[in-house]
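Hi,

Here is the structure I said I would pass on. Have a look at it first, and then read my notes below.

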Amino acid sequence: MNILAIETSCDETAVSIISSKNDDLDVRANVVSSQVELHAKWGGVVPNLAAREHTKNILPVLTEALDTAGITHKDIDLLAVTQGPGLIPALLIGTNAAKALAYAWEKPLLGLHHIEGHIYANWISPKSKVKSQKLSFPILALVVSGGHTQLVLMSEHCHYEIIGQTQDDAVGEAFDKAARLLGLPYPGGPQISEKARIFVQTHEDVTQNGADKDIKKHSTEMGKDNKNTDSPKKLSPNTYDLKLPRPMLHSGNYHFSFSGIKTAVLYTVREYQKNNGLTKDDRLPEDFVNAVAHEFQSAVTEVLITKTLKAAQEYGAQTILLAGGVSANTQLREELAAAIAEKISHITFSVPPLEYCLDNAAMIAAAASFRWNKMSDEQREDYNNGWKTVLADSNLKMTSL
Ligand code: KG4
Ligand code: ZN
């Protein structure tokens, strides 16, 4: 069947068309129009500006997706849209567009949870090739995005039990805030990642001139082309002697907290400024920024990995999967893969292809496909009314089927 999906929950206007046959997904078109540059000027996403851009972009993006897939609306069997959570002015553009199409084209319409989409990005194969990604249940999903940090247990498709989550900031949010404190632009995640990579490279060079040639050892299947592959502990000591906290590392549950690390970054920066006679407005030296970025990323990664491995063992997971925008982070992808291979090698590890880590509509179509396949004919009937029943919901909870 052909599924057309729309995603507008934040600052990406995205439309995708996939053909699905049972669990095999063929991405025919995946168009994403990003507003990152527009929002960067404001240091974060401005909801009303996002809505204005979505309004401008939604029809051109839709047309491009249909053209790329080489099909017309007559070939579409099912429509899907991100119903929530997200910014309500942004969600409304996508849901209203989808509802209008469902009404005009007389197609069923499914409203999807954004995080369910991120999870199902793991069933999309790289470079848009058809591949049946066979992941065994129970699956433990580590969800790390700008708005969510959760450990989600799946006993079967479309069945979710949240076993732990952040008590304050989401990981992506912490990356963005830490970046701002270091004077780096929005979105902060990729910035921190790049600065940490430079830090590692610099220190790697130092050690490789010496005896330790063993540093680049975590070369995993998903990270061959990435360079930031080593454990921070194997680097030569950094001159700033930084140590950020690892909050809730041994809390005895699967919850997280990231606002404390962010505050520790603030104090680290302040102390550095004080000791070096800098004011708030002075630029921080690059090597200091790189060192803090690396220590921040290492602290976050250590907490996420430790808890995920523990939960996977306790709940008897067969698969661990990574989902959400922060799953694009090289250190997290590679160190999690390495830790699983080293400590629980019977568990399969999956990450989405890089092109599907950040917000896109292919992941929404993928989730819709799995939901649809699981439904009875009777359940499917209800979605013929999707054009009037789907309502944008900024706080939507993920529901099992
Ligand atoms: O999933 P996503 O695209 O949007 C939400 O659903 O929130 O995630 C966006 C978040 C942002 O906070 C961004 O800084 C972070 O993902 N992010 C990264 C990386 N790329 C994006 N964080 C760390 N490392 C990255 N490479
Ligand atoms: Zn997202």
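A word on burial before anything else: I call a residue buried under 20% relative accessible area, exposed over 50% and partly exposed in between, with a 1.4 Å probe and protein chains only. At 13% relative accessibility, Leu 184 therefore counts as buried.

Some housekeeping. This is a predicted model, so local features need pLDDT of at least 70 and side-chain atom pairs count only at pLDDT 80 or more, while totals for chains, interfaces and linings use all residues. Residues are numbered from 1 along each chain as its sequence is written, chains are lettered from A and ligands numbered from 1 in the order in which they are written, and side-chain values use heavy atoms, with hydrogens and water left out.

Overall, the protein has 12 helices and 10 strands; these are DSSP runs numbered from the N terminus, H or I over at least four residues for helices and E over at least two for strands. Of its 401 residues, 56% count as buried. Taking contact to mean heavy atoms within 4.5 Å, 74% of the contacts between residues at least 6 apart in sequence join residues at least 24 apart.

Back to Leu 184: you'll find it in the loop between α5 and α6 (188-209). Beyond the residues up to four places away in sequence, Leu 184 touches Ala 179, Gln 191, Ile 192, Lys 195 and Val 289. Its C-alpha is 9.7 Å from that of Lys 195, which is 11 residues away in sequence. As for helix α5 (residues 171-181), its buried residues include Phe 175 and Asp 176. Gly 183, with a positive phi near 80°, follows α5.

Next, the sheet. It is open, with five strands in the order β8-β7-β6-β9-β10 and mixed pairing, where two strands pair if DSSP finds at least two bridges between them. β8 (161-165) and β10 (348-350) are the edge strands, each pairing on one side only. Strand β9 (residues 319-323) runs parallel to β10 over three bridges, and Ile 320 sits opposite Phe 349 in β10. α8 packs on this sheet, touching β6 (139-144), β7 (149-154), β8 and β9.

α8 also has helical partners. The axes of α7 (residues 259-275) and α8 (residues 286-314) come within 11 Å and cross at roughly 160°. Ile 261, Val 265, Thr 268, Val 269 and Tyr 272 of α7 make the contact with Phe 288, Val 292, Phe 296, Ala 299 and Val 300 of α8.

With helix α9 (residues 330-343), α8 packs at about 40°, the axes being 10 Å apart. Among the residues that meet there are Leu 304 and Ile 305 in α8 and Leu 336 and Ile 340 in α9.

Leaving aside neighbours within four places in sequence, its contacts include Glu 116, Tyr 160 and Leu 401.

Cheers

Conventions: Axes fitted to C-alpha atoms, helices over the stretch in contact; angles between N-to-C directions.
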